[in-house]
Amino acid sequence: MIETIFAGLVGVFIAVAVYLLLARSLVRPLLGVAVLGNGINLLILVAGRLTRDAPPILGAGASAPPGPLANPLPQALILTAIVIGFALFAFLLVLAYRAQETLGQDEVDHMRAAEPPAGPPPPLSY
Amino acid sequence: MQTALTFAADWVIVVPAILPLAAAALLLMLPNRIAVSWWIAVLTTLAVGISGAVMLWRVSADGPLAMTMGRWLPPFGISFTADITGAALLLTAAVVTLVVLVYARADEAGPGPSNRFHALVLLLLAGVSGAFLTGDLFNLYVWFEVMLAASFGLLILGGGAPAFDGAVKYGLLNLLGTSLFLAALGLLYGTLGTLNMADIAGRAAGADPAIMTSIGALLVVAFGTKAAAFPLNAWLPASYHTPPASVSALLGGLLTKVGVYALLRTLVLLLPASRDLLHPVIAAIAIATLLLAPLAALAETNLRRLVGYLLIGGVGAALAGLALPDDNGIGGAVAYVIQAMLTITGLYLVAGLIERSTGETDIRRMTVSGGSGTRLSVLLFVLLAAVAGVPPFLGFWPKLLLLLGAAERAAPAAPQAGDAIAWLVAAALLLNALLTLIAGFRAWATIFWQSAAEKAHGSAPPPAGIPSRQHIFGLGAAGGLVGLVVVMGLWPEPLLATGRAAAAGLLGPHAYVQAVGLAGSAR
């Protein structure tokens, strides 16, 4: 039951992210990437099953758990994904800031510095 | 089960990932002395190449090698697994990196003389090696992000408005691609409860085909973005021509190929049933990429953007192999990826030399004169012929394998029905060769045969050729790579044998699963 609710929440996160990613101004797609990352982290957490069990720690001298344990793996995966996602998101923020400074523009429609200048179409101008 | 320590000689598997990482960290701590950092980078790349060659030799003789980290038993610990596909691509990646490092010595105006450049190149190599060797899907995601981080740095190291513009588009779309891969991976974990590739290969057959196919489709979108397959390729021509030529060559030679490799690994080795259900989609993507990319190249006026479109066409050819899942088709795809890594890198390097000796980036304004013009025209001619697949040159042989694979599927022996899609793929492959030939040689003829007076747009007289130092490193590196392309084209047997052996390994996962130590649970 709780997994179904969380799955719906993942859907909401991803819908919000898609809405933000479709915007033209550079800040919104960046926020969209951040929201998408969080939605996917939640997805991994739900994929590992949400259970009410003992923490996955063995007592001193024990070699096997006494009963069922909570699944620690999704947390390890999410932690890694958060670190990577945070670093790349921070880089993208700085990059967007520098691009806005250099190009004087944060509308992706008008970011054309890397495109070749307009001219007659090639078959005629060759 | 593996309970003993890994046999010492098997440590060669982790060398290609760990050594460049450590060397990159070292370079960042050292003072900025170009000669020192260059030698460290070259020696590290050589070591990676040698371990790649050793692995290829051992894997061809004894089957896949595996090593699982931290003494956790295989499905739990992170495995590194070298099979023929991974080892052959790793060796090629090291060769490409070495050539680019030599070439970058000539980039005096660019980011060449800086240890940050060398550190980022090594970081990129570490990411690529890790992606080729890892046997764990989450670890593959980590290596993808390592590559992404290094390529961000390389793209903007030179600075300038075009580089920032290109990097924003490159960064956003590629981060989106890896995020989708992470989502697919989470769903796969939720369904099968494992991320170890060998374990997945064993369990996927028993899982619900509907869920597996959704995951497969998500993987096609994610890795299709990384590989720049047709509807998802917009980031590549927007960014790859903005950094210095050495960086273009490195990114063009390595990054998209890792995307293709990941598609082959996941869809052929891990989820063959989803691949079969997605067959028409993959074939449609391959055909669209094969045809539209060279058409875009035909309409392109910027030399390095044109090379970018030829690169995308090559990705289409490799995906065509994915749409022909037999020994010849998959073998052709692996062989094509190997040849594309070499020829596309060469094309970017030669394009950089042409840009430098003419001082122009627009094909219509380039005027080349004198001895260096002759040399450059020969180099570009050979590489264009290799990319298009003109018979004695390198690109022909993988395409021959792909066409053989298509013919086998289209008209198999009596009882099975032929696959009509295979005819379309074969036709697209042939048309792609023709269009690539036209697009490439039209540019070649415009650059080298049209005299300055004939050029439609008047331009400044060309600079007095390439300075001698750049001449030696730049022409030397590009010439060496072209020499390798010619030799491999004239003696294609090793490439074709490697491709076929790689296909056998990908299509029959038994040896791979057994090497990791999971033979008992395999299907």
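Figure 1. The model scores ipTM 0.93 and pTM 0.92. For chain B the mean pLDDT is 87, and 90% of its residues reach 70 or more. Where pLDDT is low, the predicted coordinates should not be read in detail. The secondary structure of chain B comes to 20 helices and two strands. Along the principal axes, the C-alpha atoms of chain B fill a box of roughly 70 × 60 × 40 Å. Buried residues account for 63% of chain B. Take the contacts in chain B between residues at least 6 apart in sequence: 81% of them join residues at least 24 apart.

**Figure 2. The side of chain B that touches chain A.** Here 36 residues of chain B are in contact with 30 residues of chain A. Three elements of chain B give two or more residues each to this side: helix 5 (137-156), helix 6 (161-192) and helix 9 (235-239). Which of them gives the most? Helix 6 of chain B does, with 18 residues. By type, the residues on the chain B side divide into 21 nonpolar, 10 polar and five charged.

**Figure 3. Helix 2 of chain B and the residue after it.** Helix 2 of chain B covers residues 34-62, 29 residues in total. At 1.5 Å a residue the helix should span 42 Å. Its end C-alpha atoms lie 41 Å apart, so the span agrees with that expectation. Just after the helix comes B:Gly63, with a positive phi of about 85 degrees.

**Figure 4. The paired strands of chain B.** Strand 1 (residues 65-68) and strand 2 of chain B pair in the antiparallel sense. The pairing runs over four bridges. One of the bridges joins B:Leu65 to B:Ala82 in strand 2. In a regular strand the side chains alternate between the two faces of the sheet. Is each face of strand 2 (residues 79-82) of chain B covered or open? Both faces are covered. B:Ser79 and B:Thr81 are buried on one side, and B:Phe80 and B:Ala82 are buried on the other.

**Figure 5. The surroundings of B:Lys226.** B:Lys226 lies in helix 8 (residues 209-227) of chain B. Is this lysine buried or exposed? B:Lys226 counts as buried because it has 28 C-beta neighbours inside 10 Å, and the cut-off is 20 or more. Leaving out residues up to four places away in sequence, B:Lys226 touches B:Asn174, B:Gly177, B:Thr256, B:Val258, B:Gly259 and B:Ala262. B:Gly177 is 49 residues away along the chain, yet the C-alpha atoms of B:Lys226 and B:Gly177 are separated by 6.4 Å.

**Figure 6. Helix 13 of chain B.** This helix takes in residues 303-322, which is 20 residues. From first C-alpha to last, helix 13 reaches 29 Å, close to the 28 Å expected at 1.5 Å a residue. How many of its 20 residues are buried? The count is 20 of 20.

**Figure 7. A:Arg49 in a loop of chain A.** A:Arg49 sits in the loop between helix 2 (27-47) and helix 3 (73-103) of chain A. With 14 C-beta neighbours inside 10 Å, A:Arg49 counts as partly exposed. A:Phe6 is 43 residues from A:Arg49 along the chain, and their C-alpha atoms are separated by 10 Å.

Key:
Residues numbered from 1 in each chain as written. Chains lettered and ligands numbered in written order. Predicted model: local features only at pLDDT ≥ 70, side-chain atom pairs only at ≥ 80, totals over all residues. Contact = placed C-beta atoms within 7 Å. Nonpolar A, V, L, I, M, F, W, Y, C, P; charged D, E, K, R; others polar. Expected span 1.5 Å × (residues − 1). Buried ≥ 20, exposed ≤ 12 C-beta atoms within 10 Å, placed from the backbone. Pairing = 2+ DSSP bridges. pLDDT = per-residue confidence, 0-100.
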